Amino acid sequence: AINNKGKSFWGTVGDSSGTPGNATLNTVSGKSAIAAAASSAVITNSNVATTSIIMITPLDNDATAVTYKTAAGAGSFTITTNAVATANWKFAWFVMN
């Protein structure tokens, strides 16, 4: 459990959302995007282990890409949507180890 009675600081927030698709961001949290006409993106990140939990918060709505899942691997995670996105689909993420 986290007991924090003040502001939390999680370090630098990476942002690759301006260039949708696969990206490398070695931060604990960030913003990325799945490119239009795609249904997944791989975020390479040295903080990610196979046991990591990746928290995702969608930052956009999409007509077809409405559900998503993540899979953590050694040094990266993959986010996959149920269908190809009709436009760039931005999301925020956080790595917990």
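## A walk through a predicted fold

Ala41 stands opposite Ile79 in β7. Residues are numbered from 1 along each chain as its sequence is written, and side-chain values use heavy atoms, with hydrogens and water left out.

**The sheet**

Strands here are DSSP runs of E with at least two residues, numbered from the N terminus. In general, strands of a sheet pair through backbone hydrogen bonds, either parallel or antiparallel.

Inside this sheet, β4 and β7 run antiparallel and are joined by 5 bridges. β6 and β7 also run antiparallel, with 6 bridges between them. One of the residues involved is Gly73, whose bridge partner in β7 is Ser76. β6 and β7 form a hairpin with 2 residues between them, and Gly75 in the turn has a positive phi of about 90°.

**The nonpolar core**

Which residues touch the most other members of the largest nonpolar core? They are Ile54, Ile56, Phe77, Ile79, Phe91 and Trp93, out of 16 residues in that core. The elements giving two or more residues to this core are β4 (40-44), β5, β7 (76-81) and β8 (89-96), and β8 gives the most, with 4 residues. A nonpolar core is a set of buried Ala, Val, Leu, Ile, Met, Phe, Trp, Tyr and Cys residues joined through side-chain atoms within 4.5 Å. Buried means under 20% relative accessible area, exposed over 50%, and partly exposed in between (1.4 Å probe, protein chains only).

Phe77 shows what this looks like for one residue: not counting residues up to four places away in sequence, the residues touching Phe77 include Ala41, Ile54, Ile56, Phe91 and Trp93. Contact here means heavy atoms within 4.5 Å.

**A buried aspartate**

Asp62 is found in the loop between β5 (53-58) and β6 (68-73). Asp62 is buried but has no salt bridge, and Lys90, the nearest side chain of opposite charge, is 12 Å away. The Asp62 side chain does make a polar contact with the side chain of Thr86 at 2.8 Å, and also reaches the backbone nitrogen of Ala65 at 2.9 Å. A polar contact is a pair of N or O atoms within 3.5 Å; within protein, one must be able to donate a hydrogen and the other to accept it, and residues adjacent in sequence count only if both atoms are side-chain atoms.

**A salt bridge and some surface**

The whole structure holds 1 salt bridge, meaning a side-chain nitrogen of Lys or Arg within 4 Å of a carboxyl oxygen of Asp or Glu. Asp15 pairs with Lys31, their closest N and O atoms being 4.0 Å apart. Asp15 lies in strand β1 (residues 13-15) and Lys31 in strand β3 (residues 29-34), 16 residues apart.

| Residue | Relative accessibility | Class |
|---|---|---|
| Asp15 | 45% | partly exposed |
| Lys31 | 34% | partly exposed |
| Val66 | 54% | exposed |

Val66 lies in the loop between β5 and β6.

Methods
This is a predicted model: local features need pLDDT of at least 70, side-chain atom pairs count only at pLDDT 80 or more; totals for chains, interfaces and linings use all residues. Lys and Arg count as positive and Asp and Glu as negative; His and the chain ends are not counted. Two strands pair if DSSP finds at least two bridges between them.
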